[in-house]
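Subject: Structure handover

Hello,

Here is the structure for you to look over. My notes follow below it.

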Amino acid sequence: MKRVGLSVAGGVVGILFFLPLLWVVTNSLRPGSETFANLNPLSWQTFFELRPTLTNYSALLGSEIGRATLNSILVSAATVVIGLAVCATAAFGLAAFEFRGRGLVFGIVVLSFLVPFDAIAIPLSTMFRDWPLTNTFTGLVLPGIGNGMAIFLLRQFFLGIPAELVEAGRLDGLGWFGVFRWIYLPLSKPALIGAGLMLFLFQWQAYVWPLLIGTDAEHIVGPVALSNLQGQNFTDYGLVFAGAVVLTVIPLVVIAGFQRYFVQSVSSTGLK
Amino acid sequence: MRQRQGLIALAFLAPALVCLAVLRIVPAISAVVESFYSESLLRGGRVFAGLGNYTDLLAGKEFRQSVGVTLLFTVLVNPIQVVVSFLLAVLFTQRAAGARLWRTLVILPIATPPAVSAVIWSVIYRPDGLANGVLERLGLPAQPFLTSPSQVLASLIVLLSWIGVGYWMLFLIAGIQEIPVEVREAALLDGAGPWRRMVSVILPLVRRPLAFVLVADTVSNLLVFAPVQILTKGGPNGNSNLLMYDVYNRAYAIGDIHVAQAEVVILVALTLVIVAGQFRLLRGDQ
C-alpha cells in the first residue's frame, strides 16, 4: 500500500516535469499555426499529435537555426578535442612530477574555477574585442578549453596511477611524453570521458559568451539563434519547437551514451 | 633533478596555465582595474576615477533596486530548490514501481540548454499559452505571469527549478545511496517512522552533498541571465532586473563599460560573501 502511494507520488512529479518537454515535442510535429489551437480547453490533443508531420524539421535544415546548430556542434567538438589535450597534459604535469611551486600552480587551477566564468564574461569580451576575436570560431572555442575543474578531476584520477608503471615505462626507454601518451591516457578512459562531457556541456549550454562574441550569421550558435527567432513579431513556433527539440536531443544522446561517466563526473565534482 | 622535473612539468602545464591566466584571471583583475577608471570626453580617453564608478552606482535608484531584487530572489529560490531536490531525492531512492522512469523524467530537462528552456517557457507563459491552459482546466482564473510585477519572480523561479532541480537531485541521490544499508535498516528496526528516518537519519548523513548543493546552487542563481534577457528584459518596472542582467544592460545597451565593470566586481564580491557565509553557517552547527 505504501509502495503504491510512493509510486503514484513519483509518477505525478515525473509527469509534471515531463509535460513541458512533451508539449514541445508534440508541437514540433504539427504546423506552427496550430501551436495554440488545443490549449483552451486543454485536452489530450494538447500533448499528442495523431497526424505528425516532419515539415518543421525539414524547414530547420535550410534555416538559420539549422546553421546555428551545426555551429554549436563544431564549437563543442573543437572544445572537447583541444580542451582535453590541454587539460590532460596539465593534469599530467601536476600529478606525475615533484617540483617547487607545484602548490602554487595547483592553487591557480583551483582559483580559476572559483571565479564563475559568466561573471567575468563581460570584461573578457571587451578584451576579445581589442584582439579582434569577435565573430570568430577561435573566440567562441577559447574560453572552453582551459577548464580548471576538468584539470582538477583528471589530476585526481592520475594520482592513482602507480609509480612502478611509470618507472617501468621509463626503463623501457619511454620519454615523458611517451609515459603520458602510452601509460596515463590508456588507463584513464573513464576520467577522460567524464572531463570531455564536462567540456562539451559547458559549450553546448553556453549563452552569455556566444551572445557577446558571436552573433553574425556565420558564427551564431543554436541557443542564441533560437532566442533571436523568438523575439521576432511573426514567429513560426513550429520551427522554434523543432529547434528546441534538436538542441535538447543532441546533448541527451551524448549524456545517455556516456551515462555511467556522466554520473561519475557529476558526483565527483561535489563529493570527493 | 628536481629542477629538471620542474621544467618538464612546466612544459606540460604551459598551455593550460596560459589559458587559465588569460581567460580567467586576467579578465577578473582587469575588471577590478577598469572599475577605477572612466572615459573622459574632455580629455579624450581613460582617466582615473577612483571610487567614482562605485559611488555613481550606489547613488542610482536602478542599481539599488537591482540589488534588492537579486537578494529577494536569492532568499526565495535557493531554499526552495534545495528542499525540493532533497525531498525528490528521498522519494526516488525508495523502492517503488517505476521509480527509475519517474526519476529520469525529472532529470531530462537538464539536457535542455538554459537559453532554450527560457525560450520554451516564454511560450508556456504567454497569455494564451500552456500555463494558462492548465489553470483554466483546474478552474482557476488566467494569470499574467511575466507581465505582472508581483508574479514575475515566481514565474522565473518555477522555470529555473524546472531546469535545475533534477541536476541538484543527482548529487543528493548519490549521497543517499552512499548511506550504508545497515544504518537504514537499523532505523527501521528501531521503529522510526518515515518522517523521523528522513530528518534524523538521512538528513545528517547527506550533509556534505547538501552543503555542496546549497553553495553551488546559490552561485548559479546569482548568475542567472538567459531567462531574464529572453523573457522579461528586467521588467516589468525592474522587478526582475537581476544583477547579471543589469551588468549586461549597462555594458551593452547603455554602453557604460567602466561602471559595468564596477558592478561585476560588486556581483563577484556579493557572491563570495554569501558563499563564505553559507560555509560558515554549515560548519558552525557541526
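**Rings and charges**

The charged end of A:Arg155 sits over the ring of A:Phe106, at 4.1 Å from the ring centre. In chain B, B:Arg46 lies over the face of B:Tyr37, with 4.0 Å to the ring centre. A charge counts as over a ring if NZ of Lys or CZ of Arg is within 6 Å of the ring centre and within 35 degrees of the ring normal.

Some ground rules. This is a predicted model, where local features need pLDDT of at least 70, side-chain atom pairs count only at pLDDT 80 or more, and totals for chains, interfaces and linings use all residues. Residues are numbered from 1 along each chain as its sequence is written, chains are lettered from A and ligands numbered from 1 in the order written, and side-chain values use heavy atoms, leaving out hydrogens and water.

Over all chains there are 34 aromatic pairs. Rings of Phe, Tyr and Trp (its six-membered ring) pair if their centres lie within 6.5 Å; planes under 30 degrees apart are stacked, over 60 edge-to-face, the rest tilted. One aromatic cluster takes in A:Phe92, A:Phe97, A:Phe158, A:Trp176, A:Phe177, A:Phe180, A:Tyr184 and B:Phe12.

**A:Leu42**

A:Leu42 is in the loop between helix 1 (2-28) and helix 2 (55-62) of chain A. Is A:Leu42 buried or exposed? A:Leu42 is buried, because its relative accessible area is 11%. The cut-offs are under 20% for buried, over 50% for exposed and partly exposed in between (1.4 Å probe, protein chains only). Leaving aside residues up to four places away in sequence, A:Leu42 touches B:Leu130, B:Gly133, B:Val134 and B:Arg137. Contact means heavy atoms within 4.5 Å.

**Chain B**

Chain B has 13 helices and two strands. These are DSSP runs, numbered from the N terminus: helices are H or I of at least four residues, strands E of at least two. The C-alpha trace spans about 80 × 75 × 35 Å along its principal axes. Of the 286 residues in chain B, 52% count as buried.

UniProt (unreviewed entry) places "domain: ABC transmembrane type-1" at residues 67-276 of chain B. Such annotations may be inferred rather than shown by experiment. Residues 67-276 of chain B are 74% helix and 0% strand, with end C-alpha atoms 19 Å apart. The same record lists "transmembrane region" at several spans, including 67-92 and 210-231 of chain B. Residues 67-92 of chain B are 100% helix, with end C-alpha atoms 37 Å apart. Residues 210-231 of chain B are 86% helix, with end C-alpha atoms 30 Å apart.

Best regards
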